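Here is a friendly tour of ring contacts, nonpolar cores and a few backbone details. Have the viewer open and follow along by topic.

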Amino acid sequence: MSWIDIGHIDDIPLRGARKIKTSHGCVALFRTGVDEVFAASDACPHKGGPLSEGIVHGQSITCPLHNWVFDLNTGQAKDLAPGEEGHIATYPVRLDEGRILIEGAKLASRSAA
Amino acid sequence: MKKLVVIGAGMASGRVLEHLTDADPDAYEITLFNAETRGNYNRIMLSPVLSGEKTYAEIVTHDSDWYAARNVDCRFGEQIVGIDRETKTVMGEHGPVPYDKLIIATGSAPFIIPVPGKDLPGVISYRDLDDTNAMIEASAKGGNAVVIGGGLLGLEAAAGLALRGMSVTVVHLNGHLMERQLDEAAGYLLRKDLEAKGISVRTQATTRAIIGDGRAEAVLLEGDETLPADLVVMAVGIRPETRLATDAGLEVARGIEVNAQMQTSDSDIYAVGECVEFDGNLFGLVAPLYDQAKVLAHALLDEADAFVVKDVATKLKVTGCDLFSAGDFAEGEGREDIVFRDPARGIYKRLVIEGDKLVGAVMYGDTADGTWFFGLIKDETEIDDMRETLIFGPAFQGGDTADPLSAVAALPRDAEVCGCNGICKGTITDAIANGATDLAAIRATTKASASCGTCTGLVEQVLQVTLGDEFVLPTAQPVCGCCDLTHEDVRRLIKSQELKSQEAVWQELGWKTRNGCHVCRPAINFYLLADWPVEYRDDPQSRFVNERKHANIQKDGTFSVVPRMWGGITNPDELRAIADAADKYNVPTVKVTGGQRIDLLGVKGEDLPAIWADLNKAGMVSGHAYSKGLRTVKTCVGTDHCRFGTQDSTGLGIKLEQVLWGSWTPHKVKLGVSGCPRNCAESTCKDVGIICVDSGYQIGVAGAAGMDLMETQRLCDVATEQEAIDVTVAFVQLYRENAKYLDRTYKWVAKVGLDWVQERIADPAERARLIAAFELSQSIYRKDPWAEHAQTQAAQYQPLADLTLEAAE
Ligand code: SRM
Ligand SMILES: Cc1cc2nc3c(=O)[nH]c(=O)nc-3n(C[C@H](O)[C@H](O)[C@H](O)COP(=O)(O)OP(=O)(O)OC[C@H]3O[C@@H](n4cnc5c(N)ncnc54)[C@H](O)[C@@H]3O)c2cc1C
Ligand code: SF4
Ligand code: FES
C-alpha cells in the first residue's frame with residue numbers, strides 16, 4: 001500500500017469536509033464529530049452535486065443539491081425511493097498522529113466513471 | 001548469585017519484583033533505586049489522598065518489612081545518573097553498583113508547556129506524593145486554583161482541590177473534556193457534573209502565560225483573559241522518562257524500545273512501564289504494565305512468555321462522575337454506532353460496532369455494564385444475535401427501550417412550560433392533581449398553552465407523564481427521526497432547561513443519533529443562536545452550504561454572489577466594482593434580481609474569498625441572498641422623486657435594512673416599503689410590508705409571494721418613522737423567538753394568531769424587551785460574513801491537496 005500524506009486532520013473542520021484534486025476528478029475528505037476521516041468521490045451520482053459541500057452527520061453525508069444521504073462507510077445511498085440507485089466510491093484513509101494518509105494505489109486505479 | 005539492579009520503584013517494577021521473588025526468591029541479588037524517598041505505593045490512589053478520602057499509609061503496597069523479607073537492597077532517595085554498559089554498572093548518586101541484569105522502570109515525566117512563568121513557585125505538576133502533598137498544603141490557604149489540562153489527571157486534581165475548599169477552574173485546549181477517552185456527548189455530561197460541584201470549566205482555551213511577582217498569581221489565556229490563581233496545576237500530559245536510556249545509547253523512539261520479552265536493544269537491559277515503547281505503542285494506564293511485569297519476571301527466569309497489547313478501559317476516580325470508556329470508539333472506517341440516552345437519569349451510552357464485533361464503548365451516568373462490554377471488546381465476541389438489545393446490557397437481552405417522554409419527565413418543577421403566561425411544570429402537575437385531567441381543563445385553570453399555543457405539545461406530555469395511560473397523547477410530528485419531540489417542544493425546552501449547546505440538546509432531549517442529521521441540525525443551530533446569542537456560537541457545519549459559504553450553490557457546483565444594495569439604491573462606484581469583479585473572475589451571468597439588486601452567477605468556489613474581498617473593498621457587504629435571515633428591503637422612490645409620495649419610503653427602507661441585516665431568522669424575511677397605497681414596492685406580499693400614508697405608516701405582516709400567495713395582515717398603524725422601525729424589529733424578534741424553523745412568518749402567525757402578536761407588540765414593556773433582545777443578538781451577528789471568511793478562512797475554500805501528479809503516475 002502506498003499511503004500519501006494529504007494534510008492534518010485540523011485542516012478539515014469538525015463535522016465538515018474538504019476536497020482533494022486527482023487526475024480523475026475530486027475526492028472528498030469528510031471529518032465526523034469524533035476524530036475520524038472518510039474519503040469518497042466528491043460527485044453525487046444523482047446530478048453530480050459536490051458532496052464536500054454537504055452536511056456531515058453521524059457517519060453520513062447529505063448532498064447539498066437534493067438531500068440524498070450516503071453512508072460514508074460503504075458509499076451506499078440511504079433511504080432512496082424504490083427504483084433509485086446510488087453509490088459513491090470510497091477510498092482507504094487512515095490517521096497517523098493527526099496526519100491524514102490516503103491510499104494512493106486505489107486512487108490512481110479508479111476509473112474516470 | 002546474579003545481580004539485578006532496578007531503576008525506579010514504581011508500579012511496574014513493583015509488580016516485577018512480586019512475581020520474581022514469589023517464583024524464585026533466590027534467583028537474584030536485588031538492588032532497588034528510587035528517586036523518590038520512598039518505596040512502592042499505589043500511584044493511582046494519589047487522587048483519593050489529595051481529596052482526603054485516603055491517607056498515604058493506606059496506599060503503600062510494599063513496606064520495609066516486605067523488602068527485608070525478600071532481601072531487596074533499597075536505595076530510596078537516590079537517583080541513577082548514568083549507565084555504563086561496557087563495565088555493566090549503574091552510577092548512583094552515592095557510587096556505582098554492578099549488575100548482571102538491569103531493569104529500567106523510570107516511568108514518565110509530566111509534560112510542562114513552555115509558557116512564560118512555568119517555573120514560578122506555585123506551579124505544580126501531578127505525578128507523585130510530593131506533588132500531592134504540595135497541593136494539599138497550598139489548598140489549606142483556600143483561594144483560587146487553575147488546573148491546566150482537562151484529562152484524567154487534571155480532573156482528578158481539580159475535584160480533589162475543590163473538595164479541599166479551593167475555587168477551581170479547569171482550562172482545557174480541546175473542545176470537550178477527556179477527549180482521548182470520551183466523545184463529545186459524554187464530555188458534555190462530565191462537564192455538567194463537574195460544574196455542579198462548583199468547578200468551572202473552560203474548553204478551547206489556550207494558556208499564554210503564568211503571571212505573578214515571585215510566585216504564581218494568575219493564568220493568562222489567549223484572548224487576554226486572566227484567571228486569578230494562587231495555585232496552578234499543570235496536567236497536560238506525560239512523556240516517557242527515557243534520558244538514562246538515551247545517554248546509554250539504547251534504541252529510543254518516543255519511549256525506550258523493547259521486544260515482546262521487554263528486552264531493550266542491549267540483551268542484558270530490560271525496560272518496563274510507562275518509559276517503554278512497544279511496537280509503536282506507549283502506555284499510560286496500569287493494566288498493560290501489569291502484563292508487562294509478568295512477562296519480564298518470566299524473562300528473568302528464562303521462562304517463555306510474550307507481551308501483547310490489549311485494549312484498555314478508563315474510569316475517572318471522581319466521586320459522582322461515573323464514566324467508562326474502552327476500546328477504539330473514534331478513529332476508523334467501517335464503523336456503526338448504537339446510541340442510547342436517558343435524559344431523565346443523565347445517562348449516555350454509545351457502542352461502536354465494526355462488522356459483527358464490538359470495538360468501542362463510551363458510557364456516562366450508568367457504567368454498570370462497562371465490564372461486560374469491555375469483555376465483548378477484548379474477546380472479540382460476535383454480537384450479531386444481540387445487536388438489537390446490546391446497548392441495554394447483559395440483563396436486558398430482550399427488554400427495555402428508550403422512553404420518548406423521558407425528557408419531559410426529567411424537567412424540574414420550576415421549568416417554565418408556557419412562556420406566554422410564565423407557567424411552570426409544577427403548576428401544571430398541581431392542577432392535574434386537583435382534577436384538571438385534559439388540555440382544556442389545564443388551559444382553564446392555569447392558562448398554560450392558552451395564549452400562542454406553541455407549548456401545547458409539552459403540556460400534553462406533562463399530562464401523559466403525570467397521568468400515565470389515563471391520558472392518550474395525540475400523535476405529533478417530531479422534528480425528524482433523530483428524536484420524539486416536535487419543533488415547538490424542542491424550542492420551549494431549550495429555553496426552559498437553558499440548553500446552550502448542541503450536546504446539551506442531544507443529551508437532555510434524548511436524541512437517538514450521535515449528532516443529529518441534515519434536517520434537525522440546522523434547526524437546532526438556529527434555535528440555540530436565537531435563544532442564547534451570547535453563550536452559543538453559530539456552527540457553520542450545521543448549516544446548508546449556502547449559509548456556510550455565504551453564496552448560493554448552483555446546479556453545476558459553482559456559486560452565485562449577491563452584494564447588498566441598501567433599499568435597492570446603488571451608485572456608479574458600486575456598479576463599477578461589480579463590473580470589475582465580473583470581469584476579473586469571469587462571471588458568466590450578471591442578473592438583476594427580483595429583489596432590487598445584482599446577482600453574479602457562476603463564480604467558482606475557490607474564487608469566493610477573493611471576489612468578496614474585492615467587493616468589500618468597494619464598501620459592499622453580503623446580501624444574504626441564500627439565508628434564512630433578512631433578505632431584501634424593497635423600496636420605491638417615495639417623496640424623493642415621486643409626485644404621490646407621502647413619506648420617505650426609500651430612506652425608511654434603507655434604515656430598516658441597516659438595522660436588520662445579518663440577523664438569522666426561522667425562514668427568510670423580506671420587507672417592502674411603499675411611499676403610497678399605489679404600492680410600487682409590492683409591500684402587500686412581504687413578511688413585513690409598510691405602506692406610507694399622510695398620517696404615518698401602515699404596517700402589514702405575514703405576506704408572501706412564493707409557493708403560497710399571501711396578502712399581508714395589518715399589524716398596526718403608527719405615526720412616526722421611529723415607531724415603524726421599532727414595531728418591525730419587535731415583530732422580527734418575536735418571530736425569531738417563537739417560530740418553528742422553516743415556517744415563513746405567514747405560517748407562524750397562522751399558528752399563534754394575529755391577536756396574540758398584536759398584543760405582544762402593543763405592550764410597551766414587551767416591545768422594549770424584544771428590541772433589546774434583538775440588539776443584543778445583532779451586536780454579534782450584524783457583521784459582514786464575507787470579510788470574516790475572506791480574512792480568516794480563505795484556505796478552507798481551496799482543495800486540501802492536489803494529487804493530479806501522484807495519481808497519474
Ligand atoms: C435570484 C432570485 C431570482 C431572480 O433572478 O430574481 C431568486 C433565486 C432563488 N430563489 Fe427566490 N429568488 C429571488 C427572488 C424571489 C422572490 C421575489 C422577491 O423576493 O421579491 C420570491 C417570491 C417572494 C417571496 O419569497 O415570498 C422568491 C421565492 C422563492 C421561494 C419560495 C418561498 C416561499 O416561502 O414559498 C424559494 C424556496 C425557498 O426559499 O425555500 C426561493 C429560492 C430561491 C433559490 C435560493 C433556490 C435555491 O435554493 O437555490 C434561488 C437561487 C437561484 C440561484 O441559483 O442563485 N425563492 N424568490 C431572486 C433573488 C432576490 C434577491 O435579490 O435576493
Ligand atoms: C494521580 C495519578 C492518577 C492515576 N490514575 C490512574 C488510574 O486511575 N488508572 C490507571 O490505570 N493509571 C492511573 N495512573 C497512571 C499510573 O499511575 C501509571 O501508569 C503507573 O504508575 C506507571 O508505572 P511505572 O512503574 O511505569 O512508573 P511510576 O509508577 O511513575 O514509577 C517510576 C519511578 O521511577 C522513579 N525514577 C525515575 N527516574 C529515576 C532515576 N533516574 N533513578 C531512580 N529512580 C527514578 C520515579 O521517581 C518513580 O518513582 C495515574 C497516575 C497518576 C499520577
Ligand atoms: S423560480 Fe426561483 S427557485 Fe425556481 S428556478 Fe427560478 S430562481 Fe430557481
Ligand atoms: S445531485 Fe446529489 S442529491 Fe441531487
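R15(B) sits over the face of Y290(B), 3.8 Å from the ring centre, in the sense that NZ of Lys or CZ of Arg is within 6 Å of the ring centre and within 35 degrees of the ring normal. R543(B) likewise lies over the face of W664(B), at 3.6 Å from the ring centre. This is a predicted model, in which local features need pLDDT of at least 70 and side-chain atom pairs count only at pLDDT 80 or more, while totals for chains, interfaces and linings use all residues. Residues are numbered from 1 along each chain as its sequence is written, chains are lettered from A and ligands numbered from 1 in the order in which they are written, and side-chain values use heavy atoms, with hydrogens and water left out.

**Aromatic pairs**
- Over all chains, the structure holds 17 aromatic pairs; rings of Phe, Tyr and Trp (its six-membered ring) pair if their centres lie within 6.5 Å, and planes under 30 degrees apart count as stacked, over 60 as edge-to-face and the rest as tilted.
- W68(A) and F70(A) make a tilted pair, because their ring centres are 6.4 Å apart and their planes stand at 45°.
- Both W68(A) and F70(A) are buried, where buried means under 20% relative accessible area, exposed over 50% and partly exposed in between (1.4 Å probe, protein chains only).
- F283(B) and F307(B) have ring centres 5.7 Å apart and planes at 70°, so this pair is edge-to-face.
- That pair links distant parts of the chain, 24 residues apart: F283(B) is in the loop between β20 (276-277) and α9 (286-300) of chain B, and F307(B) is in the loop between α9 and β21 (313-314) of chain B.
- Helices (H or I, at least four residues) and strands (E, at least two) are DSSP runs, numbered from the N terminus.
- One aromatic cluster is formed by F731(B), Y735(B), W748(B) and W756(B).

**Nonpolar cores**
- The largest nonpolar core has 138 residues, of which L161(B), L190(B), W511(B), W748(B) and V757(B) touch the most other members; such a core is a set of buried Ala, Val, Leu, Ile, Met, Phe, Trp, Tyr and Cys residues joined through side-chain atoms within 4.5 Å.
- Helix α23 (residues 721-738) of chain B gives the largest share of this core, nine residues.
- A second, separate core of 50 residues includes L17(B), I83(B), Y270(B) and L301(B).

**Positive phi**
- Q204(B), a residue other than glycine, has a positive phi near 50°.
- Q204(B) counts as exposed because its relative accessibility is 64%.
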